[in-house]
Amino acid sequence: MRHPDRSENVLRQLELYARWDYRLADKELQKRIAVWLEARAPEAVPLRSDHAEALATDRQAG
């Protein structure tokens, strides 16, 4: 796939993973994906509050 970041299926799977509430999920990776998705299309990805806080922290630091 030449542009996985443009694939609806890939984006949908990333959104699902970012929201996945499972104790063994990689929380740091979930936050990074949520931040990336938010930066790419702010109106398209409603974030959980903990991911929104991480996004705000990252934006203040950068």
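**Ground rules.** I number residues from 1 along each chain as its sequence is written, and side-chain values use heavy atoms, with hydrogens and water left out. Since the model is predicted, local features need pLDDT of at least 70 and side-chain atom pairs count only at pLDDT 80 or more, while totals for chains, interfaces and linings use all residues.

**Overall fold.** Helices (H or I, at least four residues) and strands (E, at least two) are DSSP runs, numbered from the N terminus. Buried residues are 24% of the 62 in the protein; buried means under 20% relative accessible area, exposed over 50%, and partly exposed in between (1.4 Å probe, protein chains only). The protein exposes about 4,800 Å², with carbon and sulfur atoms supplying 51% of that; areas come from the Shrake-Rupley method with a 1.4 Å probe, and for residues only the protein chains shown count as cover.

**Helix H2.** I checked the length next: H2 has 14 residues and spans 20 Å from first C-alpha to last, close to the 20 Å expected at 1.5 Å a residue. The expected span is 1.5 Å times one less than the number of residues. Its buried residues are Gln-30, Ile-33, Ala-34, Val-35, Leu-37 and Glu-38. At the start of H2, a side-chain oxygen of Asp-26 comes within 3.2 Å of the backbone nitrogen of Glu-28.

**Lys-27.** This residue belongs to helix H2 and is partly exposed, at 34% relative accessible area. Leaving out residues up to four places away in sequence, Lys-27 touches Trp-20, Asp-21 and Tyr-22 (contact means heavy atoms within 4.5 Å).

**Ala-18.** I then turned to helix H1, where Ala-18 lies. Ala-18 counts as buried because its relative accessible area is 4%. Its C-alpha is 5.6 Å from that of Ala-34, 16 residues away along the chain.

Is Leu-24 buried or exposed? Leu-24 is exposed, with a relative accessible area of 55%, and it sits in the loop between helix H1 (8-19) and helix H2 (27-40). Together with Trp-20 and Tyr-22, Leu-24 forms a nonpolar surface patch of about 320 Å² accessible area. Patches take residues with over 30% relative accessible area and no salt bridge, joining like charges within 9 Å and nonpolar side chains (Val, Leu, Ile, Met, Phe, Trp, Tyr) within 5 Å. A salt bridge is a side-chain nitrogen of Lys or Arg within 4 Å of a carboxyl oxygen of Asp or Glu.

Definitions and conventions:
Polar contact = N/O pair within 3.5 Å; in protein donor to acceptor, adjacent residues only side chain to side chain.
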